[in-house]
Amino acid sequence: CLFGLVLATVFYLLVSVELTGAQQPAPRTTAALYEGALLIPGDGSAPVANAAFLVQDGAIVRVGARGTVTVPAGSVRIDLSGKTVMPALINTHGHPGFQKGLTYGRENYTRDTYLDDLNRAAYYGVRVVMSQGIDPGDLAYEVRRDQETGRADGARLLIAGRGIGAPNAGPGAAAYQGIAYEVTTAEEGRAAVGELAAKRVDFVKIWVDDRGGRAPRMPPPVYRAIIDEGHRRGLKVNAHVFYHDDAVGLVEAGIDGLAHLVRDREMDRDLISGIVRRGVYVMPNLSGAERGTHSTVPAWFGEPGLMTLFRESTRVPAVDRIRAWFTSRDASAASAARARYMILQRSLAALNKAGARIILGCDTGLEDHLFGYAEQRELAEMVAAGMSPAQVIVAATSRSAEYLGLRNMGTLAPGKRADFIVLRGNPLEDMRQTRSIDSVYFDGRPVDRAGLRKRLTRE
C-alpha cells in the first residue's frame, strides 16, 4: 500500500547518515518484510506469486506466500504489489577503470574512475564485478580492501590482478600494454601464479591464443603448469580463448572457465561434451561482438528502458558518440561480423542444450562497452541466441555466484544476502524487463540511485 511505502521511506531517511557511497544504511537490528511481488528465486525453481520475504541484518530470513511469513514485532512492511523481485546480477568478466567520458587510456586508471565504473554497475543492478586480469599496480587491491572495510562503495569487486600470457599475448589495447605477465616456460608460469596468490587474487586469468597473429600461442605445457599451480594454491583459472583447438586442450588440462566462446568455428560435439563432463563454466561475451554487426543504429539502442538507464548513468557526449559509431561502419564489415556472430549464437545454443554451465560475462569496461549497460545488453543477447529468460536469470545470478565461490549470494532464499532488484515488469515474459528498475538493494539496504545519477552524469 502507499502508506507502507511512505512509512518505509521515512524510516530509512530517519536512520540514514550522510555517505558518499551508493548505499544508505538501515539499523542492522530492524527487520523489513517485502510483500506482494512476484519473486524469482534465481536458482531455476518456480517463481513465487504474491510473495513475502523477511530481511534482517542484511540477509533474507524467511520466504513464502504473502500472509504466511512470521515477522518480529516492529518490523517495517513494504508493499511491492504488481512488481517483480529477482536477485541482483553478477558479472564474471569486467575491466574497470579505463574509460572516463570520451577518453580511454591508462591515464584514466584512478580510484575515482574505478569506483565510477563499480557504481555505474550498481545503478543497473549488478552486485558483483570480477575484474579479469588487466589491473596494474595496487589500485584494485586497495579498492577491494576498502570495500571489505566499508570505505568504498559500488558493486563488489573481485580481482585476478595481472593476467598471464606469452610475450605480447596479453590484451591488445594501448591502455593495457605491459600489464600482463609474459611467460615462456612452465617455471615462469608457476612463479607468476605464486606472486598472484601472495596478493590474494580471487582468480587467475590467462591468454593462450596468438592475438590475431601478433604473438605466439601459449604452449600447452605452460598453461598446464599454470592451471596445476593455481589449483594447488586453491585458485580457479580461466582462459581467454579464440581457437577451437586451444579450447580442447584447455578443457583437457582442467581449466575452470572459458572467458569467451570459441570464435574461429562453431564448437563441436566433442568439445561441448568435454565442457559439460568436466564442469567448465563458459562466459558467452555476446554483446560486444553483436555491436559490430551493425552499420546503422540498431533498434535496441533506442529501446526506452535501456536508453533511460543509459542517459541516467552516462554523460550525453558518450551516448551521442556510441550512437554515431554505428553509422560510421562499413556495411560489408558489418555483414562479415554478422556471419561471425552467428557462430557464437549457434555455439551458445548447443552449449545450453547440452546443459553446460553458462554464466554472465561480457568484457564490460572495454571502450564504450560501459558497465551496467553492457550487462543488460548481454542478457537480451543470450535470449536471442536460444536461452530462455529463466535460464539467463540463473546464469546471471546463482550460477555466476557458484562459479565465483559466493555461497551466500545469487539467490533469494533464507540465509542468502539480501541483494535484489525490484522491477516494474516481469523478465520471465520479456528479458528486457530487467531494465525496468524500480529500486536496487544490496545487503538489505536501498542503493541511492538518485545520488548515483548525479555522480555519474557530472561534468
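Biologist: Which residues line the second largest cavity?

Modeller: Rolling a probe the size of a water molecule over the atoms shows where empty space is left. In this predicted model, the lining of the second largest cavity consists of Pro87, Ala88, Ile90, Arg127, Met409, Gly410, Thr411, Arg417 and Asp419. The volume of this second largest cavity is about 50 Å³.

Biologist: How do the residues of that lining divide into nonpolar, polar and charged?

Modeller: Four residues of the lining of the second largest cavity are nonpolar, two are polar and three are charged. As for the number of cavities, there are three of 30 Å³ or more.

Biologist: I turn next to the strands. What is the order of the four strands in the open sheet that contains β3?

Modeller: In a regular strand the side chains alternate between the two faces of the sheet. The order of the four strands here is β4-β3-β1-β5, and their pairing is mixed. At the edges are β4 and β5 (76–79), each of which pairs on one side only. From one strand to the next, the twist averages 20°.

Biologist: How many bridges join β3 to β4?

Modeller: Strand β3 (residues 51–56) and strand β4 (residues 59–65) run antiparallel and are joined by six bridges. Within this pair, Ala51 stands opposite Ala65 in β4, and Phe53 has Val63 of β4 as its bridge partner. The two strands form a hairpin with two residues between them. In the turn, Asp57 has a positive phi of about 55°.

Biologist: Which strands stand at the edges of the open sheet of five strands?

Modeller: That open sheet has the order β2-β6-β19-β20-β21, again with mixed pairing. Its edges are β2 (38–39) and β21 (445–446); each has a single partner strand, so one side of each is left without a neighbour in the sheet. Further in the order, strand β19 (residues 420–423) pairs with strand β20 (residues 437–442) in the antiparallel sense, over four bridges. In this pairing Leu423 stands opposite Ile437 in β20.

Biologist: Finally, the helices. At what angle do the axes of α7 and α11 cross?

Modeller: Two packed helices are described by the angle between their axes and the distance between the axes. For helix α7 (residues 269–278) and helix α11 (residues 331–354), the axes come within 10 Å and cross at roughly 45°. With that angle, α7 is oblique to α11.

Biologist: Is the crossing of α7 and α11 left-handed or right-handed?

Modeller: The crossing of these two helices, α7 and α11, is right-handed.

Notes
Residues are numbered from 1 along each chain as its sequence is written. This is a predicted model: local features need pLDDT of at least 70, side-chain atom pairs count only at pLDDT 80 or more; totals for chains, interfaces and linings use all residues. Side-chain values use heavy atoms; hydrogens and water are left out. On a 1 Å grid over the protein atoms alone, a cavity is a set of points where a 1.4 Å probe fits but cannot get out, and a pocket is an open set with protein on both sides within 12 Å along at least five of seven lines; lining residues have an atom within 4 Å of a point. Grid points are joined across faces, edges and corners, and a volume is the space filled by probe spheres set on the points. Ala, Val, Leu, Ile, Met, Phe, Trp, Tyr, Cys and Pro count as nonpolar, Asp, Glu, Lys and Arg as charged, and the others, Gly among them, as polar. Two strands pair if DSSP finds at least two bridges between them. Axes are lines fitted to C-alpha atoms, for helices over the stretch in contact, and angles run from 0 to 180 degrees between N-to-C directions. Angles under 35 degrees count as roughly parallel, over 145 as roughly antiparallel, 65 to 115 as roughly perpendicular and the rest as oblique. A crossing is left-handed if the near helix is turned anticlockwise from the far one by less than a right angle, and right-handed if clockwise.
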